[in-house]
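Hi,

Here is the structure I promised to pass on.

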Amino acid sequence: MRARRKNRVPWKGARGVDAVVEDWLESRTVKPCFTADETVPGHEPRTAGLPPGMPSQLAFALRGRGVTELYQHQARAFVAAREASSAVVVATPTASGKSYCFHLPVLTSLLADPDARALYFYPTKALARDQEAGLRDLMRAAGLASGAVVYDGDTPGDARRAARERSGIILTNPDMLHAGILPHHTAWARTLQNLKYVVVDELHTYKGVFGSHVANVIRRLMRVARFHGSNPVLIGATATIGNPAEHAARLFGTENVTAITENGAPRGERRVFLFNPPVVNAELGIRASYVKQAVMLATDLVRAHVPTIVFGQSRNNVEVMLRYLRDKVAPEIDPSRIMGYRGGYLPEQRREIERKLRSGEVLCVIATNALELGIDIGGLDAVICAGYPGSVAATWQRFGRAGRRGDRSICVLVTSSAPLDQYLAREPSYLLGAPVEEARIDPDNPEILIQHLKCAAFELPFRRGERFGTLDADDTASALDFLVQHRVLHECERTRTFHWAADAYPANDVSLRSVGWDNVVIIDAEHDETIAEIDWRGAHTMVHEQAIYQHDGECWQVEKFDYENHKAFVRKVKPDYWTDAMTYTTVTVLEELDVARGDGDTEEPFPSGWGEVSVVEKVVGYKKIKFYTHENAGYGDVRLPEMQMHTTAFWLTVPESVCEEIPHGRAAAIDGLRGLGIALETVSTLALMCDPRDLGCTLGDTALGDADDEPAIPRKVRGARGLEAGYSPTLFLYEHTPGGIGLAERIFAQRDVLLSRARRLIEGCPCTSGCPACVGPDAGVGEGRKAIALELLARANAH
């Protein structure tokens with residue numbers, strides 16, 4: 001490699017992955033920032049011949065695509081799906097050809113029986129649309145006339161009728177299945193009575209509350225299918241997760257799952273780097289902007305004409321990096337060859353970007369996790385993640401986007417100043433050698449289960465003695481009796497059946513994703529054209545009035561946010577700043593599910609507990625952040641209604657008496673508790689193997705009980721402002737998922753271990769008084785945030 005470098009023509013820039021890596025490793029600014037450089041070896045394909053049971057028409061179609069043999073996992077999946085009586089799950093890495101694992105058995109069934117039907121559902125509309133064209137081409141090549149149709153909210157009326165009456169394969173999403181198909185199952189009788197397969201792609205996305213909802217939708221689907229006389233085989237496909245068979249069994253509601261986990265697809269050599277931006281303020285431990293550093297590395301790759309994808313953590317980050325990268329490579333590279341891709345872009349625009357990626361017209365795409373899923377975007381040679389995605393599984397899912405052609409590829413994780421990112425920078429073995437996280441769901445969560453039991457009763461009456469999902473007959477009957485008592489169902493004594501008795505349409509009141517169905521439409525006020533859309537929750541921070549909304553590298557200012565009608569009117573501007581919303585959070589405890597009381601003479605000196613809480617978020621203002629310098633250029637007010645969510649939380653209260661004993665008093669104790677919260681959130685995320693975005697941390701205050709009262713239990717927690725005498729500061733770790741997924745309970749159960757780990761994390765950090773890698777930058781109160789956090793941990797008996 002060095003000889004090639006010496007012979008490089010000086011007026012020609014570097015070309016290709018190897019040349020860029022060579023330059024990085026000889027750079028005095030880049031090389032010192034690499035905290036890990038590991039090569040993951042590739043492997044050759046492991047193949048098998050086309051299975052004997054495959055129809056000649058399908059084999060001919062595959063040979064027309066240059067496929068003369070299958071990877072071993074594809075061949076095993078074909079046989080398993082044909083022989084299975086219940087369910088199959090395929091768990092192999094990104095770009096391993098999982099689509100053939102379900103396409104081939106489904107098309108074989110359709111060729112054998114022209115009346116046979118299959119239902120595919122994907123987690124997003126975009127992914128279903130992406131798969132439609134390729135599936136149709138394969139069906140045509142195999143001589144199948146029944147076709148495949150996407151059935152979602154964008155499907156026109158005539159196509160919906162065709163889907164119900166003639167389509168061999170329906171491609172949809174869980175939301176449409178839940179509210180658009182199952183409640184009207186009689187209109188789908190032809191499909192349901194001939195349903196041979198149900199395919200659930202991207203199984204790893206169905207976790208937490210969303211996954212628990214989807215598991216109940218599958219229960220309802222299988223119940224309706226059996227009513228119509230079919231018993232379809234379930235096929236799941238997932239990127240690598242720690243528990244594919246167990247997760248599929250929980251999601252599908254059956255223990256009879258055949259798991260295929262050995263990958264036969266080839267993989268090129270992959271070189272993985274961890275890049276920790278340089279320190280720019282040693283006193284505060286502040287590092288250079290990870291966004292700018294990611295753009296710097298991407299610039300080298302783009303100039304070397306390396307097909308690249310850059311993943312950002314948020315919509316704003318994607319748009320800022322898109323602007324910076326286009327500016328840096330112009331005029332050498334046409335800006336149109338660098339595109340953004342995120343939620344909010346209109347469907348036509350997303351599909352056009354996908355087409356350009358596949359054709360090679362786009363050299364670099366900057367995306368959110370919208371491109372983590374299996375959308376076909378062609379061959380890429382480099383991946384840059386600007387910030388840790390939140391889990392080991394998600395990181396390797398993103399890294400898997402490179403090297404699809406079996407060539408050598410590079411993957412770079414640029415760590416931010418967040419404590420978890422800095423932990424990975426110090427301990428890269430956690431990322432490079434840790435087991436992949438498990439997916440967890442709880443479909444029998446009473447709050448979720450009862451909603452779907454109502455939907456199921458609307459779809460078909462229940463017989464007394466019938467089971468729903470994994471509930472036995474007695475538990476199902478008890479739940480149905482509960483609904484009778486609430487006058488939602490009526491039991492017919494003669495037939496012993498439960499019938500829907502309410503006027504409401506239950507599926508309309510059950511949101512699988514726990515957010516509103518209606519997006520906010522973003523309208524160009526000058527031309528009266530829709531340019532984008534945004535989810536309802538994101539609209540509060542992105543399109544409040546006076547916000548700068550960034551779209552495809554351009555800036556639009558929000559002139560009016562029509563809150564009631566879900567419309568935001570914007571006008572194109574050219575500011576030198578973007579806006580970042582500020583959110584104020586309050587927490588109210590609704591029910592204590594367990595508490596650990598302490599009075600100083602026990603092992604629990606600090607009261608703690610977990611329970612159900614109400615979290616209220618309100619956007620109260622915004623900051624103006626200058627492009628390029630990232631200086632704060634001013635503030636503005638926002639007046640929008642608050643958003644409320646019921647979830648679960650763990651809390652830890654520092655008694656007022658302890659605050660008074662801390663040097664420099666209450667203000668120092670509060671600042672130290674804030675730092676302890678940052679460390680505790682970091683170690684909890686690692687211990688529970690969850691996404692950092694699954695947890696929120698807030699600091700508030702709570703009234704202490706009188707001597708005759710119960711020990712101190714937080715009742716209402718306000719944002720950490722204006723704390724008054726007589727109150728004790730309380731740290732809350734709350735779940736961001738409505739209803740919770742069990743994280744708060746696990747934190748409470750492991751609180752002693754986690755507090756000890758938080759102490760070791762803080763003590764092990766080389767900073768003097770606090771930095772973003774441990775407790776956050778020191779606020780200049782008392783002896784320093786780090787020292788006070790350690791003092792609090794010592795008093796909490798964290799060893």
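**Helix packing**

Helix α18 (residues 446-459) packs against α19 at an angle of about 75°, and their axes are 11 Å apart. Axes here are lines fitted to C-alpha atoms, for helices over the stretch in contact, and angles run from 0 to 180 degrees between N-to-C directions. Helices (H or I, at least four residues) and strands (E, at least two) are DSSP runs, numbered from the N terminus. α18 and α19 are therefore roughly perpendicular to each other; the classes are under 35 degrees for roughly parallel, over 145 for roughly antiparallel, 65 to 115 for roughly perpendicular, and oblique for the rest. On the α18 side the contact (heavy atoms within 4.5 Å) is made by I450, L453 and K454, and on the α19 side by A479, L480, F482 and L483. By class, that contact of α18 with α19 has six nonpolar residues, no polar ones and one charged. In this scheme Ala, Val, Leu, Ile, Met, Phe, Trp, Tyr, Cys and Pro count as nonpolar, Asp, Glu, Lys and Arg as charged, and the others, Gly among them, as polar.

Before going on, the ground rules: this is a predicted model, where local features need pLDDT of at least 70, side-chain atom pairs count only at pLDDT 80 or more, and totals for chains, interfaces and linings use all residues. Residues are numbered from 1 along each chain as its sequence is written, and side-chain values use heavy atoms, with hydrogens and water left out.

The other helix pair to look at is α4 (residues 72-83) with α5 (residues 98-112), whose axes come within 8 Å and cross at roughly 40°. That angle makes α4 oblique to α5. Contributing to the contact are H73, Q74, A77, F78, A81 and R82 from α4, together with Y100, C101, L104, P105, T108 and S109 from α5. Here the contact of α4 with α5 splits into seven nonpolar, four polar and one charged residues.

**The sheets**

α19 comes up again here: this helix (residues 473-485) lies across β19, β20 and β21, running at about 110° to β20. Those three strands form an open sheet in the order β19-β21-β20, with antiparallel pairing (two strands pair if DSSP finds at least two bridges between them). β19 (462-463) and β20 (489-492) are at the edges with a single partner strand each, so one side of each has no neighbour in the sheet. β19 and β21 (residues 497-500) pair in the antiparallel sense over two bridges, and F462 is opposite F498 in β21.

There is also an open sheet of seven strands, ordered β1-β11-β18-β17-β14-β16-β15, and its pairing is mixed. Its edges are β1 (34-40) and β15 (338-341), each with a single partner strand, so one side of each is left without a neighbour in the sheet. From one strand to the next, the twist averages 15°. Within this sheet, β11 (residues 270-275) and β18 (residues 409-414) run parallel and are joined by six bridges; R271 sits opposite I410 in β18. Helix α13 (residues 315-329) lies across β14 (308-311), β15, β16 (364-367) and β17 (382-386), and runs at about 180° to β15.

Two backbone details for your checks. The peptide bond from A330 to P331 is cis, with omega near 0°, and P331 is in the loop between α13 and β15. H305 has phi near 60°, a positive value in a residue other than glycine, and is found in the loop between α12 (290-303) and β14.

**Confidence**

What is the mean pLDDT of the protein? The mean is 87, and 91% of the residues reach 70 or more; pLDDT is the predictor's confidence in each residue, from 0 to 100. Among the elements, strand β8 (residues 195-200) has the highest mean pLDDT (97) and helix α1 (residues 2-6) the lowest (43). Residues 703-725 also stay under 50, and the model has 55 contacts beyond four places in sequence for them. Where pLDDT is low, the predicted coordinates should not be read in detail.

Cheers
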